[in-house]
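Visitor: I am new to this structure. Please take a close look at a single chain and go through it step by step.

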Amino acid sequence: MFPKDETAVVGVGSTPYYKRGASLPQTKIEMACKVILAACEDAGLSVEDVDGFAYYSGGFDTGLIAQTLGIPEVRFTATLTGGGGGAAGSVGLAAAAITSGHANVVVSLMTLQQVTGARFGAAFASKGGGTYSRPVTPEMDFVTPHGLFAPGQMFSMLAQRHMHLYGTRREAFAEVAISERENAVNRPTARFRDRITLDDYMSARMISDPLCLFDYTQENDGAVAVITTTAERARDLRKPPVYVSGAANGSAGRWGQAIMWMGMPDEYFASSGHRTVARDVYARAGVTAADIDVALLYDHFTPMVVMQLEDYGFCEVGEGGPFVESGAIRWKTGSIPVNTHGGNLSEAYIIGMTHVKEAVEQLRGEAVNQVENAEVALVSGGPAPTPVSAIILRK
Amino acid sequence: MTRPAGALPAEFADVHPDAWTEPFWLANREQRLTIPKCVNCGTFRFPPGPFCHSCRHQEVEQVEISGAGTVYTYTVVRHAVVPSLADSVPYVIAVLEFDDAPGVRMIANIVESDVDAVRIGSRVELAWDHVDDEVTVPRFRLAG
């Protein structure tokens, strides 16, 4: 039985968002500590109250954080396997740590600094040699000799298949990019704030067919921390509690390494890989897609937002293209506002933690692009190799 | 020993075989495309690995296939993500299915072909790429 609403997110903190490489001369540990302190301040907690760490995508060196910030005791430290798929799930891991009695105040964190030779955009280049390059393995010998190095190239092949099966148009991908940019226009923290039109989109250079420049996330530097604690303690803190109603991570087993092997069953090849997680997170929170007031969907590539809208039941599988083209994901006028912060595409890419931050701000009623009476938010981690993840938060 | 037109720089064909993938790479040198098949239940297994995902049996036979297949999906790469690919773009990466190894997919380049002619459902045939004395990689071309 999932411990529905027994934990709550009580604090969020972030650095400014920088162009890739531009966070220097700050160090990674410096940014990590800054956002942990900021999240504690937001919550009305002392950093000495922190006793747990729940990460994803490689995590962070908890020992270095603890010795640097003078944290009295570490009682839980763990990382979801995989990459950006675990973003939202790191908050679920925090909830698991708390409700299982391991820790009381748990930090989830992403710190990203892409200096020379450390670039996600070429993460699979065997000769990259940077911090974010994957190690060579016998399995990758079936990928890299074909010049398949970049996540964008990999997801473009899922998008191509979706277009083939369902007639999804580039106009749908454009609408994801355009609507998120509209959300970023009046947002001071967003890195890209100039409106884009369908003409701009259609005349942009192609990167990896069918994806063009505007279908791609940014690559940024920065850090975001989120603090989760018990619901009971949350009620005495500075900000209104944002309850963790449901959380899930995983995938269908044969989703497997997904874009790194391309052997996923035909039934869900052209999907976000989130269908089992969607089923679980809704069941645990006791809600359906119709109950979600705002959706923060991991948007590294526009087609994967379309596929998540299908997999989370906002429309039928195959209907994602017409659904977004109808204006359904627009803030204020759409039936399900998506990425009201501008997302990875237009605000910043901190591997999905900005989505958690925006959900918290929406449910506190303090968002820049506030969804009226927002009570329930869905946050997803990246469509990615297993695990993918999601949380449902409520006020 | 030649390389097909449009083949990517040799440096990327750097392979690291283990006990399960080595037969594939050794057969390639002899221009034989082989896919391991479970001797217990007949399920093809790719990439080669230690267990059948269907019956959990380990032992395989190496089945030589013709390479005749179909494009399941693809992308045309137009931007060089690493500098050494600058002279190679545009190039096509495809995910292929094979007539005589149902259930497996293989990632491969489509070479010696018009990059803008590739479609899902396009038929392909083998175009062997002898990168060097050690490594031969199966590439494919659009079938006439």
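Guide: Ala258(A) sits in the loop that runs between strand 9 (242–250) and helix 8 (266–269) of chain A. Helices (H or I, at least four residues) and strands (E, at least two) are DSSP runs, numbered from the N terminus. The model is predicted: local features need a pLDDT of at least 70, side-chain atom pairs count only at pLDDT 80 or more, and totals for chains, interfaces and linings use all residues. Residues are numbered from 1 along each chain as its sequence is written, while chains are lettered from A and ligands numbered from 1 in the order in which they are written.

Although Ala258(A) is not a glycine, its phi is positive, about 50°. The residue is buried, with 25 other C-beta atoms within 10 Å. Buried means that 20 or more other C-beta atoms lie within 10 Å of the residue's own; exposed means 12 or fewer, and partly exposed is in between, with C-beta atoms placed from the backbone. Ile351(A), in the loop between helix 12 (343–347) and helix 13 (353–364) of chain A, is not a glycine and has a positive phi of about 50°. Ile351(A) counts as buried, with 27 C-beta neighbours inside 10 Å.

Chain A also has cis peptide bonds to proline. One joins Asp209(A) and Pro210(A), with omega about 5°; Pro210(A) is in the loop between strand 6 (206–208) and strand 7 (211–212) of chain A. Another runs from Thr386(A) to Pro387(A), with omega near 5°, and Pro387(A) belongs to the loop between strand 11 and strand 12 (388–394) of chain A.

Val277(A) belongs to helix 9 of chain A and is buried, with 28 other C-beta atoms within 10 Å. Leaving aside neighbours within four places in sequence, Val277(A) is in contact with residues including Ala248(A), Asn249(A), Val388(A) and Ala390(A). Two residues are in contact if their C-beta atoms, placed from the backbone, lie within 7 Å. Val277(A) and Asp311(A) are 34 residues apart in sequence and 9.2 Å apart in space, C-alpha to C-alpha.

In helix 10 (residues 302–311) of chain A, 10 of the 10 residues are buried, so the helix is largely enclosed by the rest of the structure. After helix 10 of chain A comes Gly313(A), with a positive phi near 80°.

Two packed helices are described by the angle between their axes and the distance between the axes. The axes of helix 4 and helix 10 of chain A come within 9 Å and cross at roughly 55°, which makes helix 4 of chain A oblique to helix 10 of chain A. Axes are lines fitted to C-alpha atoms, for helices over the stretch in contact, and angles run from 0 to 180 degrees between N-to-C directions. Angles under 35 degrees count as roughly parallel, over 145 as roughly antiparallel, 65 to 115 as roughly perpendicular and the rest as oblique. In this pair, Phe155(A), Leu158(A), Ala159(A) and His162(A) of helix 4 meet Pro303(A), Met304(A) and Met307(A) of helix 10. By class, this contact has six nonpolar, one polar and no charged residues. Here Ala, Val, Leu, Ile, Met, Phe, Trp, Tyr, Cys and Pro count as nonpolar, Asp, Glu, Lys and Arg as charged, and the others, Gly among them, as polar.

Another pair is formed by helix 1 (residues 28–43) and helix 2 (residues 62–69) of chain A, whose axes come within 10 Å and cross at roughly 65°. That makes helix 1 of chain A roughly perpendicular to helix 2 of chain A.

Chain A also touches chain B: 33 residues of chain B are in contact with 33 residues of chain A. On the chain B side, the residues divide into 21 nonpolar, seven polar and five charged.

Last comes confidence. Chain A has a mean pLDDT of 95, and 95% of its residues reach 70 or more. Over residues 127–131 of chain A, however, the pLDDT is below 50. pLDDT is the predictor's confidence in each residue, from 0 to 100. Where pLDDT is low, the predicted coordinates should not be read in detail.
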